[in-house]
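The sequence and the structure are shown first.

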Amino acid sequence: MLRLHEGLQANPFLTAAQAASKTGLSVPTVNSALAGLEALGIVCEITGKQRGRVFAYEAFLQILDEGTSSAGKHGNA
């Protein structure tokens, strides 16, 4: 899971095949790691498909999104 987590930091949207290619792990290992990260709330599957599923590194995206609301830090629109 740690190798996959590190890969997600560089590519916050990945399929299992892409993750396997980038990490050198097998697709079954990647799928197992993705299931674990999903159970922890770190990634979420965003396509709703059985094949070609895309996983988003939700926690990382939330961090990037902090402070980018339309109101901004000083209340400006």
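In this predicted model, helix α2, which spans residues 16–23, packs against helix α3, which spans residues 27–39. The two helices meet at an angle of about 110°, and their axes lie 9 Å apart. Because angles of 65 to 115 degrees count as roughly perpendicular, α2 is described as roughly perpendicular to α3. The crossing in which α2 passes α3 is right-handed.

Which residues of α2 and α3 meet? On the α2 side they are Ala16, Ala17, Ala19, Ala20 and Thr23. Their partners in α3 are Val27, Val30, Asn31 and Leu34. By residue class, this contact of α2 with α3 consists of 7 nonpolar and 2 polar residues, with no charged residue.

The two helices belong to a chain whose secondary structure amounts to 4 helices and 3 strands. Read from the N terminus, the order of the elements is α-β-α-α-β-β-α.

Overall values for the chain are collected below.

| Property of the chain | Value |
|---|---|
| Residues counted as buried, of 77 residues | 26% |
| Contacts joining residues at least 24 apart, among contacts between residues at least 6 apart in sequence | 41% |
| Accessible surface | about 5100 Å² |
| Part of the accessible surface belonging to carbon and sulfur atoms | 54% |

In summary, α2 and α3 cross in a right-handed manner, and their contact includes 7 nonpolar residues. In the chain that holds them, 26% of the 77 residues count as buried, while carbon and sulfur atoms account for 54% of the accessible surface.

Technical notes:
Residues numbered from 1 in each chain as written. Predicted model: local features only at pLDDT ≥ 70, side-chain atom pairs only at ≥ 80, totals over all residues. Heavy atoms only, no water. Axes fitted to C-alpha atoms, helices over the stretch in contact; angles between N-to-C directions. Parallel < 35°, antiparallel > 145°, perpendicular 65-115°, else oblique. Left-handed = near helix turned anticlockwise from the far one by under 90°. Contact = heavy atoms within 4.5 Å. Nonpolar A, V, L, I, M, F, W, Y, C, P; charged D, E, K, R; others polar. Buried < 20%, exposed > 50% of the residue type's maximum accessible area, 1.4 Å probe, protein only. Areas by Shrake-Rupley, 256 points an atom, 1.4 Å probe, with all protein chains shown as cover.
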